[in-house]
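Here is a short report on a protein model.

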Amino acid sequence: MTSSTPAKRKITVRKQPTQERAKAKVEHILASTKTLLIEDGLDKLTTNHIAKAAGMSVGSLYQYFPNKQSVINELFRRWLTGVISIVEGFSEQNVGALSLEEFVDAIMALVYGEDDGTQMQYELELGKAMLLYPELNEVERLHGEKMGQLVADILEKMKINAPRDTLVKLGHYIYGLNDLSEHLAWSNKCDREQSLLWQRETVLTLLKMYPS
C-alpha cells in the first residue's frame, strides 16, 4: 500500500563546496538569484531563470542546488543570520548611554540604512517564500525567538523597567513591526516614509510605558 503523504522537498545545498572555485560558483548562483528576486519576484523564479542569470546550464546548477527551493532556503538562512549579526553588533555598543529617541533612531538606521527600496523588496520576496515553503517556518520561528531575546538584552542594558518576560515580548513586538512596515509599504497601503514614521512613534510609545 502506498502512502498518501507527500515527500518532503530537499531544500538544502546538494554539494557543500570546499574548493575556492566551487565556493565562488555557489556565491554567484545566490547573487544571481537575489537579483532575480528583486527584479522579477518569487512568482517568476525558476531554475532555468537562475541558471541563465548565473551563466550556466541547469545541470551545472543542480550540482549545487537540487531545486529552486534549496536556493531560496540558503538565501533565507543567510538573510536571517545577517539580521542577527547586526543586532548582536548593536547590542555590544554602549546602548545604555542612549536616550529612547536615540536608541530608536539608531536601530532603525541600522536596519534600514540607505536602502533605496531594493533590500526591502528582497526581504518581501523572502517573506513570500516562507509562506510558500512551510519548511522555512521552523527556521523563522527559531529566528524570532532569538530576536526576542536579543532585543530584550538591549532593553535591559537601557534599564527599561519591566520584567524579563515582558522585555522579551516587547522584543518580539518591536521586531514584528518591521515586517508590518514592509508589508504595508509594498502592498501600496501606506507609503514607506509614513510607515517608518509610525513604526518609530509606536516603539517610542511602547518603551515610554516602562520608564527607567
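K128 is partly exposed, with 35% relative accessible area. The model is predicted. The partner of K128 is E125, and their side chains form a salt bridge at 3.2 Å, N to O. Both residues sit in helix α6 (residues 118-132). They are 3 residues apart, about one turn of the helix. E125 has a relative accessibility of 3% and counts as buried.

**Other salt bridges**

How many salt bridges does the structure hold? The count is 11. Three of them are set out below, including the K128 pair.

| Pair | N to O distance | Accessibility of the Lys or Arg | Accessibility of the Asp or Glu |
|---|---|---|---|
| R164 and D153 | 2.9 Å | R164, 30% | D153, 30% |
| E88 and K146 | 3.9 Å | K146, 39% | E88, 30% |

R164 and D153 meet through their side chains at 2.9 Å. This pair links distant parts of the chain. R164 is partly exposed at 30%. D153 is also partly exposed, at 30%. Elsewhere, salt bridges with shared partners join E27, E74 and R78 into one network.

The salt bridge of E88 and K146 has an N to O distance of 3.9 Å. It too links distant parts of the chain: E88 is in helix α4 (residues 68-91), and K146 is in helix α7 (residues 137-157). They are 58 residues apart. E88 is partly exposed at 30% relative accessibility. K146 is partly exposed at 39%. A salt bridge needs the nitrogen within 4 Å of the carboxyl oxygen, so the 3.9 Å pair qualifies.

K34 lies over the face of Y122, at 4.7 Å from the ring centre.

**The overall fold**

Now the whole chain. The protein has 9 helices and 0 strands. From the N terminus on, its elements run α-α-α-α-α-α-α-α-α. Of the 212 residues, 44% count as buried. Among contacts with a separation of 6 or more, 73% come from residues 24 or more positions apart. The accessible surface comes to about 12,100 Å². Carbon and sulfur atoms account for 54% of that surface.

**Aromatic pairs**

The structure holds 2 aromatic pairs. F76 and W79 form an edge-to-face pair, with 5.7 Å centre to centre and 70° between the planes. Planes over 60 degrees apart count as edge-to-face, so 70° puts this pair in that class. F76 and W79 are 3 residues apart in helix α4, about one helical turn. W79 counts as buried at 13%.

The rings of F90 and F103 have their centres 6.0 Å apart and their planes at 40°, so this pair is tilted. F90 and F103 link distant parts of the chain. F90 is in helix α4, F103 is in helix α5 (residues 100-112), and they are 13 residues apart. Both F90 and F103 are buried.

**A loop residue and a helix glycine**

Where is N67 found? N67 is in the loop between α3 (58-62) and α4. It is buried, with a relative accessible area of 17%. The side chain of N67 reaches the backbone nitrogen of Q69 at 3.3 Å.

G144 lies in helix α7. G144 is buried, at 15% relative accessible area. Its C-alpha atom is separated from that of I84 by 9.9 Å. G144 and I84 are 60 residues apart along the chain.

Technical notes: Residues numbered from 1 in each chain as written. Predicted model: local features only at pLDDT ≥ 70, side-chain atom pairs only at ≥ 80, totals over all residues. Heavy atoms only, no water. Helix = DSSP H or I, 4+ residues; strand = E, 2+ residues; numbered from the N terminus. Buried < 20%, exposed > 50% of the residue type's maximum accessible area, 1.4 Å probe, protein only. Contact = heavy atoms within 4.5 Å. Areas by Shrake-Rupley, 256 points an atom, 1.4 Å probe, with all protein chains shown as cover. Phe/Tyr/Trp six-rings, centres within 6.5 Å; stacked < 30°, edge-to-face > 60°. Lys NZ or Arg CZ within 6 Å of the ring centre and 35° of its normal. Polar contact = N/O pair within 3.5 Å; in protein donor to acceptor, adjacent residues only side chain to side chain.
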